[in-house]
Amino acid sequence: MKNISQHLGNIDYFRSWQADLRFRKASNLRQIHFVSQISPICSILNISELEAPIIMTTRAMLATEIISQAESYVGIQAGIVRLEDVLKGPSYQAQATPEGPGSMTVLDDAQIIDWPPEAQTVLILGLNHPENDPRLDYWEKGDTWGNRRLREISELLKLWLREEYDIASQPLPYHVEKGGLFLKDAAVLSGIGIIGRNNLLLHPDWGPRIRLRSILLEADLKTTEALQGFSPCENCEGFCQKACPMKAFPQEKYNRPICRKQINYNVVNKVPEGEIGANGKRNLVIKFCRACELSCPVGA
Ligand code: B12
Ligand code: SF4
Ligand code: SF4
């Protein structure tokens, strides 16, 4: 699959496409500012710099289209980030420590061994996990209900991208060792939220009650910008760290091995809160600790 600049290397096509987009989505287009090096793109497309703003607009409008399609699903906020920026993020630096990525949950996700070589950007999906719908977070029959929903939306978006814009995409698995990305880094960089003192992504409206998923896109799109001026932890007394049953924030910094003891306990001690099974009783589910999440006042 070619990237979007190569794929749409015809200026007339750009013009008519842009007009078509304007016509169809004029009512809900968001304003996106685009700054970019125009010359390299002009030379790829063999056009004059006078034509370039049309292409930049198209690149931004396409990003807007994709985000509005993703956000048409209830409880979803989406962002777009460059893949190379995610791979430079702090989690990739930290991963070099002997501790390793450290995820152990079993999930029936397919392993993605090779990423598409032309993947340039990542579409990040954030799904609200409100406290009054705890089932979204229950691990039942090999996955959480929230994660199933995110997988389903990812597959629908993959079809839509192919049908509407002939863009190839690859939904990624949850686990990094199966080919997934470090999702909090990607979400911060794409402006979905910031990292709080609980070490979780905080969304301005939902706080940490959000779960993430990513889709690689073989398209060079305008990215969404990191959030500015949202720093709720600054004047907070740190309810999240105080609520941790394991005291997993020694020196106020998240400590994975300590947290993991609680998580391992949850895996072994399943609770009967799932669907009603064949025996007429509720299935056993893993109900992971959410104390550092649910104690946060942001979005509560
Ligand atoms: C492995 C894993 C675990 C392990 C290890 C956790 C860990 N943080 O090390 C265990 C099983 C213990 C665990 C526990 C939990 N997890 Co977990 N986990 C993951 C997984 C698969 C990978 C995380 C990882 O290894 N990160 C790498 C380590 C080295 O970094 P880190 O501790 O996360 O900290 C990095 C970030 O904070 C980042 N960062 C900090 N500041 C900034 C600033 C900028 C600008 C950027 C770019 C990045 C950045 O840099 C840090 C590294 O230096 C992700 C899914 C995914 N594919 O990303 C889910 C994920 C992080 N977990 C999630 C959740 C919800 C939980 C739990 C609440 C349990 C639960 N109910 O599901 C607890 C919370 C623990 C906590 N307070 O952090 C959610 C987080 C959602 C959110 N709102 O942030 C994720 C994204 C999965 C999902 N379903 O969406 N988890
Ligand atoms: S409880 Fe306070 S310190 Fe903790 S993440 Fe939420 S806002 Fe930040
Ligand atoms: S998930 Fe539970 S044990 Fe882990 S840091 Fe949060 S509150 Fe502590």
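1. Is Asn199 exposed, partly exposed or buried? Asn199 counts as partly exposed, because 18 C-beta neighbours lie inside 10 Å and a buried residue needs 20 or more. Please keep in mind that this is a predicted model. Asn199 sits in the loop between β6 (194–195) and β7 (201–202). Its phi is positive, near 70°, and the residue is not glycine.

2. Glu252 also deserves a look. Here, too, phi is positive in a residue other than glycine, with a value near 65°. Glu252 belongs to the loop between α9 (239–243) and α10 (256–268). It counts as exposed because it has 8 C-beta neighbours inside 10 Å, and the limit for exposed is 12 or fewer.

3. Now the overall picture. The protein chain holds 11 helices and 8 strands. Of its 300 residues, 32% are buried. Take the contacts with a separation of 6 or more: 73% of them join residues 24 or more positions apart.

4. The largest nonpolar core has 46 residues. Those touching the most other members are Val122, Leu123, Ile124, Leu125 and Ala186. At least two residues come from each of α4 (52–70), β1 (76–82), β2 (121–128), α7 (145–165), α8 (183–189), β7 and β8 (210–217). α4 gives the largest share, 7 residues. Both domain 1 (1–66) and domain 2 (71–294) put at least three residues into this core. As background, nonpolar side chains in soluble globular proteins tend to be buried together.

5. Leu125 then contacts Ala70, Ile76, Ala78, Leu150, Ile153, Ser154, Leu212 and Arg213. Two of these partners, Leu150 and Ile153, are among the buried residues of α7.

6. Asp166 follows α7, and its phi is positive, near 55°.

7. Which residues surround ligand 2? The shell consists of Gly196, Arg197, Asn198, Leu202, Pro232, Cys233, Cys236, Gly238, Phe239, Cys240, Cys296 and Val298. By class, that is 8 nonpolar, 3 polar and 1 charged.

8. Ligand 3 has Cys244, Pro245, Met246, Ala248, Cys259, Gln262, Cys289, Ala291 and Cys292 around it. α10 and α11 (291–294) are the elements that give two or more residues to this shell. Its classes are 8 nonpolar and 1 polar, with no charged residues.

9. Met246, one of the residues around ligand 3, lies in the loop between α9 and α10. That is also the loop of Glu252. Met246 is partly exposed, because 17 other C-beta atoms lie within 10 Å. Beyond its neighbours within four places in sequence, Met246 contacts Ile258, Cys259, Lys261 and Gln262. Met246 and Gln262 are 16 residues apart along the chain, yet their C-alpha atoms are separated by 6.9 Å. Gln262 is likewise in the shell around ligand 3.

Conventions. Residues numbered from 1 in each chain as written. Chains lettered and ligands numbered in written order. Predicted model: local features only at pLDDT ≥ 70, side-chain atom pairs only at ≥ 80, totals over all residues. Near = placed C-beta within 6 Å. Nonpolar A, V, L, I, M, F, W, Y, C, P; charged D, E, K, R; others polar. Helix = DSSP H or I, 4+ residues; strand = E, 2+ residues; numbered from the N terminus. Contact = placed C-beta atoms within 7 Å. Core = buried A, V, L, I, M, F, W, Y, C linked by C-beta atoms within 7 Å. Domains from an automatic or database assignment.
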